[in-house]
Amino acid sequence: MEETAAAAMAEKASSYRYWVREATGDAAPLPVPRKLDPAANGNGNPPPLGSVWNQAGTWEEKNLNSWANSRIKDLLGSLGSLKFPTGNASVDEVSKCTGDAFQVTVRNKKRVGYNYELSLRFKGEWLVKEENKKIKGHLDIPEFSFGEIDDLEVQVRFSDDKGLASDDKARICKDLKSFMAPIQEKMRVFEEELKGR
């Protein structure tokens, strides 16, 4: 009988259940319950971007046209004027601003983009054949998209080019293309603001 008691005692000493029941003070503390974050969605991940109905974060597109149109007009309307060796010019207004701006949520990642065509109305004064001549027209920026700011092209369209020689037109067009750098800078601001929306 002593043998069975010793065997039972040895079995108790090596048993996991016996060891846990007899835990000492230097054992690991018992886990403490903690409250879950209500913003987390049960699995510990942050809540998905986009709408509540799109919990999987698959595909969702948000139209940002009204904000983008007004913001582009505000930014480019404040270009101001430039001085050239033989004249000066300023942009009056954005006469054409057509296109789309959007935010897309794909696989729970936010992406933005746009596609626009612009026309900026300018007026200026140049020294042509020793007299100051007032010239009006448009700076047309054909279709461009997100990330293509460095590739912008400006086309000059005169409202009334009567009495201008071809070399005068070429000189004035070259001067007006100096607006490219300020336009690119304003569009970079637009892209940064669009990313932050």
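# Questions on a predicted chain

In this predicted model, buried residues account for 31% of the 197 residues in the protein chain.

Visitor: In what order do the elements of the protein chain run from the N terminus on?
Guide: The protein chain has five helices and six strands. Read from the N terminus on, these elements follow the order α-α-β-α-β-β-β-β-β-α-α.

Visitor: Is E60 buried or exposed?
Guide: E60 is part of strand β1, residues 59-63. Buried means under 20% relative accessible area. The relative accessibility of E60 is 14%, so E60 counts as buried.

Visitor: What distance separates the C-alpha atoms of E60 and K110?
Guide: E60 belongs to strand β1. Along the chain, E60 and K110 are 50 residues apart. The separation of their C-alpha atoms is 9.4 Å.

Visitor: What is the phi of K129, and where does K129 lie?
Guide: Most residues other than glycine have a negative phi. K129 lies in the loop between β4 (109-128) and β5. Although K129 is not a glycine, its phi is positive, at about 50°.

Visitor: Is K129 buried or exposed?
Guide: The cut-off for exposed is over 50% relative accessible area. K129 has a relative accessible area of 63%, and therefore K129 is exposed.

Visitor: What is the relative accessible area of E130?
Guide: E130 is also found in the loop between β4 and β5. E130 is not a glycine, yet E130 has a positive phi of about 65°. E130 counts as exposed because its relative accessible area is 77%.

Visitor: Which residues form the negative surface patch?
Guide: Asp and Glu count as negative, and patch residues have over 30% relative accessible area and no salt bridge. The negative surface patch is made up of E143, E148, D151 and E153.

Visitor: Where is D151 placed, and is D151 buried or exposed?
Guide: D151 is one of the residues of the negative surface patch. Its place is in the loop between β5 (131-145) and β6 (155-158).

Terms used: Residues are numbered from 1 along each chain as its sequence is written. This is a predicted model: local features need pLDDT of at least 70, side-chain atom pairs count only at pLDDT 80 or more; totals for chains, interfaces and linings use all residues. Side-chain values use heavy atoms; hydrogens and water are left out. Patches are made of residues with over 30% relative accessible area and no salt bridge: like charges are joined within 9 Å, nonpolar side chains (Val, Leu, Ile, Met, Phe, Trp, Tyr) within 5 Å. Accessible areas come from the Shrake-Rupley method with a 1.4 Å probe; for residues, only the protein chains shown count as cover. A salt bridge is a side-chain nitrogen of Lys or Arg within 4 Å of a carboxyl oxygen of Asp or Glu. The place of a charge is taken as NZ of Lys, CZ of Arg, CG of Asp or CD of Glu. Helices (H or I, at least four residues) and strands (E, at least two) are DSSP runs, numbered from the N terminus. Buried means under 20% relative accessible area, exposed over 50%, partly exposed in between (1.4 Å probe, protein chains only).
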